[in-house]
Amino acid sequence: MSQIISFNRYPTAALCLVLLALLGYMQPWIVAPTGSMTLNAFDLAEWASLAPAQRATSPPLLAPLLLRLQPVILCLILGAVVDRRMYIAISAIAILLLAAAQLPPFEYVYDINNLNYRQQFFLAIVSLIGGFAAMPLRHQLLVALATMVLPIAGLVTAAIGLAQAEALFRQFQVGAASGAGIVILSLSYFALLALSARGMISRRPAAS
């Protein structure tokens, strides 16, 4: 029987790629020609949430949701790749910090009906619970599927979220170009996919 192992066979490389993806998330995703508006994914999601048209999407605030899903996906990957005690500690700290960074401002306590704040709070909780729930996941097939599906989901949601944000810029007649952030994040996801595929192939026993 073939043994299926994903990129938790290469936890150091996987953790480095997750850090690179986070760097991409914080780099500019949209750059205006004048340079007056240069937004990373976090700021872009917040800016998009202010557009009245986003209140009418299904689900509401779709563009911010797609952009904000990236830290959630990275938390799930962090949980899935750990298989050694030292990596468990590193991943746990990273998941906690990422979840905390996604929390809405304290004003949410006084404005619980705010859709934007509610979305941020929900995604922070999903990141926290999902990241820690993925740590004990040791069923080889499930881990392999997760570590293939999550980077693909990241690529798709990031591309659609950016496209929707760029469409909002055009509605306001503001020309803008994609920044380096989306490129770095996408390359990180592709590298994680390659790492996962390599892990699967390298652990297949030779045919008798």
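## Overall fold

Helices here are DSSP runs of H or I with at least four residues, and strands are E runs of at least two. By that count, this predicted model has seven helices and three strands in the chain. Read from the N terminus, the order is α-β-β-α-α-α-α-α-β-α.

## Burial, surface and contacts

The chain holds 208 residues, and 45% of them are buried. Its accessible surface is about 10500 Å². Carbon and sulfur atoms account for 71% of that area.

Sequence separation is also worth a look. Take the contacts between residues at least 6 apart in sequence: 75% of these join residues at least 24 apart.

## Helices α3 and α4

Two packed helices are described by the angle between their axes and the distance between the axes. Helix α3 covers residues 62–81, and helix α4 covers residues 85–102. Their axes come within 9 Å. The crossing angle is roughly 165°. Angles over 145 degrees count as roughly antiparallel, so α3 and α4 are roughly antiparallel to each other. The crossing of α3 past α4 is left-handed.

## Residues at the contact

Which residues of α3 and α4 meet? On the α3 side they are R68, P71, V72, C75, L78 and G79. On the α4 side they are S91, A94, I95, L98 and Q102. Sorted by class, this contact has seven nonpolar residues, three polar and one charged.

Terms used: Residues numbered from 1 in each chain as written. Predicted model: local features only at pLDDT ≥ 70, side-chain atom pairs only at ≥ 80, totals over all residues. Heavy atoms only, no water. Axes fitted to C-alpha atoms, helices over the stretch in contact; angles between N-to-C directions. Parallel < 35°, antiparallel > 145°, perpendicular 65-115°, else oblique. Left-handed = near helix turned anticlockwise from the far one by under 90°. Contact = heavy atoms within 4.5 Å. Nonpolar A, V, L, I, M, F, W, Y, C, P; charged D, E, K, R; others polar. Buried < 20%, exposed > 50% of the residue type's maximum accessible area, 1.4 Å probe, protein only. Areas by Shrake-Rupley, 256 points an atom, 1.4 Å probe, with all protein chains shown as cover.
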